[in-house]
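This briefing presents selected features of a protein structure, grouped by topic. Please keep the sequence and the 3D view at hand while reading.

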Amino acid sequence: MAELAQIDVAHVAKLARLDLTKEETKLFQAQLGRVLEYAEKLREPDTSYVEAAAHAVPIFNIFREDEPRAGFTAEEALSNAPRQANGLFIVTKVVE
Amino acid sequence: MTALDLPRLNIAELQTLLRQREVSPREVLEALRSRIAEVEPQIDAYLSIDFDDALKQAERTDVNLALGGVPIAIKDIISVAGQPCTCASKILQDYRALYDATVIRKLRAVGAIPFGKTNMDEFAMGSSTENSSVKLTRNPWDVSRVPGGSSGGSAAAVAADTAFGALGTDTGGSIRQPAALSGVVGVKPSYGRVSRFGLVAFASSLDQAGPLTKTVRDAAMVMNAIAGPDAQDSTCLNEAVPDYTADLGRDVRGIRLGLPKEYMIEGIDPQVRAAMEKAVAHFNSLGAEIIDVSLPHTEYAIASYYMIASAEASANLARFDGVRYGHRAENPRNVFDHYGRTREEGFGPEVKRRIILGTYVLSSGYYEAYYARAQKVRTLIRRDFAEAFQKVDALISPTSPVPAFPLGEKSSDPLQMYLADIFTNAANLAGICGISLPCGFARIENGTQLPVGLQLLGNALDEGRILQIAYAYEQSTDWHKQRPPMKRETSNARL
């Protein structure tokens, strides 16, 4: 059982694109270790013939007409942007 | 009735005065403004208030509409066009919503006036509102205690008479638990009953918006306004909305109430247990039949809930990348530094914990062990409720195992905080509806009274029935008539 509770917080933080301080990493390591230990409970009930429920209400295939609708203007879409220029979002460089 | 008394009214009472032209919507707003100026410094329920905008809405409103001229406070996770929508997070501190959520559009359509945004746990993650990155909200019954959470600002505002009613959101108890701890009524609608369009998503398969009000009738009136299909939310059910006030006043003779034996755990505060037992006896005296039922997978609900909710949250919060909106780190060295620092600086500790936990349970190698298993357990929990509702019309339990706890008591131990949701989580996993209403008080050493909440859970889309049952209880008890004994010093200072 114990092997699953070994979370590597520093590694998961990289996957989540979330920098953590050393203190946070250490604290979360201990706290989430306890939470995952608690989650070991989930192994107790027999779920061998049980389907997973991804949603509370099983509804499928909701369609609507594919019609053009009014959207935001460029100005509106940019109104919350932390950095913008020439009607565009400024992103951090991704290619050298 | 003087202007000073107006804020004490519930929505139904206020509406009568508005329709009789005893007061105008503008006078109502002015009275509310004074009340907020008087008590908000003690409670801190609001993150932003726009009275100028509210007064403009008041000029146009028609008091003959279903909620005409009624000001409603809105949890700061629900988009109101032109207003801040910060989720009490630094990452959204300068964000303004560009459009109305469907629930806001529907409220406006019946004349209600959204006027202010209420404090909450950051991104609705928490049970005390202490995870707000902005400020603490205090419980009007005892300002050294939490109002509950995550919709703590909405609950505290209604309890303190600084709102006639409010909207909150409930992902694992975030409407019902603060309603219980603050002594007001709160409804979590069935999943899909109310549109989620325009809510900032936390856990998309669990989130629902609903009312926090002073009375059951008020909750039914707000439900009438906000429920119903929405082409902009494909998970919103295409089912007609009954008039939720129609059955209020019908008696509960012959109604079958289920008492889940798994909910009678150790760790329930003795005064909460006593209040709950009295409520059960009271229902019995009203003619309801009390039936013992079993929800055998109850003990797995919290673990299932936190795996699923965190997994969904980690995916939903991936959108906060500091490009299109929200906080952005200064002078990033490269794109990874940009994302990593933007999110480090923008999110608070609980949000970070849940992103890490959610990312972990969705990651290769652990997905089956945690996430997939949690979803299977979710199926078992759903079946438990389906079986119970074959035998009973509603389930009855405490809303929270404890009354309002002191600020700081649980904030350092996430697992303890998660366990506070024990009676509320499962309803979200199963998609059923629930209501919390006042059912007594717990008295602490210094004589202070803390409200206790009674929870009724109903089958999916059975909101009408739990409102009817709740109303029968409320109207034959006096709990809802008691108001918090708030100090008046600030008002003297200001006058």
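Helices (H or I, at least four residues) and strands (E, at least two) are DSSP runs, numbered from the N terminus. By this naming, helix α7(B) is followed by G228(B), whose phi is positive, near 125°. The model is predicted, with local features requiring pLDDT of at least 70 and side-chain atom pairs counting only at pLDDT 80 or more, while totals for chains, interfaces and linings use all residues. Residues are numbered from 1 along each chain as its sequence is written, chains are lettered from A and ligands numbered from 1 in the order in which they are written, and side-chain values use heavy atoms, with hydrogens and water left out.

**Helix α7 of chain B**

- Buried means under 20% relative accessible area, exposed means over 50%, and partly exposed lies in between (1.4 Å probe, protein chains only).
- Because 9 of the 11 residues of α7(B) are buried, this helix is largely enclosed by the rest of the structure.
- Among the buried residues of α7(B) are V216(B), D218(B), M221(B) and I226(B).
- R217(B) also lies in α7(B), which spans residues 216–226, and R217(B) counts as partly exposed at 29% relative accessibility.
- Contact means heavy atoms within 4.5 Å; leaving aside neighbours within four places in sequence, R217(B) is in contact with A12(B), T245(B), L248(B) and Y471(B).
- R217(B) and Q375(B) are 158 residues apart in sequence and 36 Å apart in space, C-alpha to C-alpha.
- The N-terminal end of α7(B) is capped by T215(B), a side-chain oxygen of which lies 3.1 Å from the backbone nitrogen of D218(B).

- Two strands pair if DSSP finds at least two bridges between them.
- On the parallel side of the pairing, β9(B) joins strand β7(B) (residues 256–260) over 2 bridges, and G258(B) has L395(B) as its bridge partner.
- In the antiparallel sense, β9(B) pairs with strand β11(B) (residues 449–458) over 5 bridges, where S397(B) stands opposite Q455(B).
- In a regular strand the side chains alternate between the two faces of the sheet.

**A buried loop residue**

- Where does N139(B) lie? N139(B) is found in the loop between β3 (113–118) and α5 (152–159) of chain B.
- N139(B) is buried, with a relative accessible area of 0%.
- Apart from neighbours within four places in sequence, the contacts of N139(B) include R145(B), L181(B) and A404(B).

**Salt bridges**

- A salt bridge is a side-chain nitrogen of Lys or Arg within 4 Å of a carboxyl oxygen of Asp or Glu, and the structure holds 31 of them over all chains.
- Side chains of opposite charge can pair when their charged atoms come close.
- R176(B) forms a salt bridge with D170(B), with the closest N and O atoms 2.9 Å apart; R176(B) is buried at 0% relative accessibility, and D170(B) is buried at 0% as well.
- D251(B) forms a salt bridge with R253(B), with the closest N and O atoms 3.0 Å apart; D251(B) is partly exposed at 41%, whereas R253(B) is exposed at 61%.
- R354(B) and E350(B) meet in a salt bridge (2.7 Å, N to O); both lie in helix α11(B) (residues 349–362), 4 residues apart, about one turn of the helix, and both are buried.
- R26(B), E30(B), R33(B) and E59(B) are joined into one network by salt bridges that share partners.

**The interface of chain A and chain B**

- The contact takes 58 residues from chain A and 70 residues from chain B.
- Buried area is the accessible area (1.4 Å probe) that two parts lose on being put together, summed over both; chain A and chain B bury about 5,400 Å² between them, 67% of it on carbon and sulfur atoms.
- Across this interface the rule finds 2 salt bridges, and the side chains of K352(B) and E24(A) meet in a salt bridge (2.8 Å, N to O).
- On the side of chain A that touches chain B, the elements giving two or more residues are α1 (9–15), α2 (22–39) and α3 (74–77) of chain A, and α2(A) gives the most, with 9 residues.

Conventions: A polar contact is a pair of N or O atoms within 3.5 Å; within protein, one must be able to donate a hydrogen and the other to accept it, and residues adjacent in sequence count only if both atoms are side-chain atoms.
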